Amino acid sequence: MKLCLHCKYIFSSDEWTCPSCGHQPERLNGIEAHAPEFANGGGGFKPEYFSELSRLEAENFWFRARNAFILWALRTYKPDANTFLEVGCGTGFVLSGIARACPKLALSGSEIFLAGLSHAAERVPSAHFMQMDARRVPFVDEFDAIGAFDVLEHIQEDETVLAQLHGAIKPGGVLLLTVPQHPWLWSASDEYACHVRRYKRAEIEQKVLSAGFELLRSSSFVTSLLPAMMLSRVLQKQEIKDFDPVGELKINAVLNKSFYALMMLELAGIRFGMNCPVGGSRLIVAERK
């Protein structure tokens, strides 16, 4: 079901024109825009970073491994999903992995910045994309599964976002989240990425529960690389103005393969029921009852 953000009327239609008030979202660069005031800026991320990110993430161990965790969680906890929305889809890297693995799944992606959507539409032409503010989601009981991967930490009003996602998921549907973990790992990298927090386990779990979800799985990951992350934070002395975000993605090929292999070992453990207590990130799977 669609929700008119202008008059709050709920309706079922292939079109976005509201039957009650006639409101229709703007179209920007051919994409429906539900929050056009934020389409080219507005905080939370640096839109100019999308182009470089799109070029580098396909080879980087972190993005490839995170995709593997996401696909495992989706197939395990909602194998019968027919519709999936990724909120904050960025350049479409996650959606491209899901599209290859689940070709029958109807995919949608939303991003607040138009700059990211242009890359995403090229990567996954079969998906439907929209410009949207996650604090005002124009859907009710619409999707079998929704994912938000390293998104919540960019948004001050994360509890509002979780409540909005709860309303957009069908009863019995699942929410998949990844978030950066441990406030004591805060660094220039977080500042450059416009993070407003790194989560404690209890904090993110309680916020998910308070939004009306039931937790199905909660585990840290990037556990094996936590010592390396801690060391990098100790050695990282540059100020935010001197920080090179691209440099963090350009990793020696041998290390890149080794780090990916370590994260696949972590995924194997999680598949067998292990929940890691600490790690650079946390994976949450929750259900709307």
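Helix H2 (residues 61–77) packs against helix H3 (residues 93–101) at an angle of about 50 degrees, their axes being 10 Å apart. That angle makes H2 oblique to H3, where angles under 35 degrees count as roughly parallel, over 145 as roughly antiparallel, 65 to 115 as roughly perpendicular and the rest as oblique. The model is predicted, so that local features need pLDDT of at least 70 and side-chain atom pairs count only at pLDDT 80 or more, while totals for chains, interfaces and linings use all residues. Residues are numbered from 1 along each chain as its sequence is written, and side-chain values use heavy atoms, with hydrogens and water left out.

**Helix H2 with helix H3**

- The crossing of H2 past H3 is right-handed (the near helix is turned clockwise from the far one by less than a right angle).
- From H2, Phe 63, Arg 64, Arg 66, Asn 67, Ile 70, Leu 71, Leu 74 and Arg 75 meet Phe 93, Val 94, Gly 97, Ile 98 and Ala 101 of H3, contact meaning heavy atoms within 4.5 Å.
- Eight nonpolar, two polar and three charged residues make up the contact of H2 with H3 (Ala, Val, Leu, Ile, Met, Phe, Trp, Tyr, Cys and Pro count as nonpolar, Asp, Glu, Lys and Arg as charged, and the others, Gly among them, as polar).

**Helix H2 with helix H10**

- H2 and helix H10 (residues 253–271) have axes that come within 9 Å and cross at roughly 15 degrees.
- This makes H2 roughly parallel to H10, and the crossing of H2 past H10 is right-handed.
- On the H2 side, the residues in contact include Phe 61, Trp 62 and Trp 72, and those on the H10 side include Phe 259, Met 263 and Arg 271.
- The contact of H2 with H10 comprises twelve nonpolar, one polar and three charged residues.

**The second largest pocket**

- The second largest pocket has a volume of about 360 Å³ (a pocket is an open set of points on a 1 Å grid, where a 1.4 Å probe fits, with protein on both sides within 12 Å along at least five of seven lines).
- Its lining holds 18 residues, with Lys 2, Asp 14, Trp 16, Glu 32 and His 128 nearest the centre; lining residues have an atom within 4 Å of a point.
- Strand E6 (106–111) and strand E7 (128–131) are the elements that give two or more residues to this lining, and E6 gives the most, with three residues.
- Seven nonpolar, five polar and six charged residues form the lining of the second largest pocket.

How values were computed
Axes fitted to C-alpha atoms, helices over the stretch in contact; angles between N-to-C directions. Helix = DSSP H or I, 4+ residues; strand = E, 2+ residues; numbered from the N terminus. Points joined across faces, edges and corners; volume = space filled by probe spheres on them.
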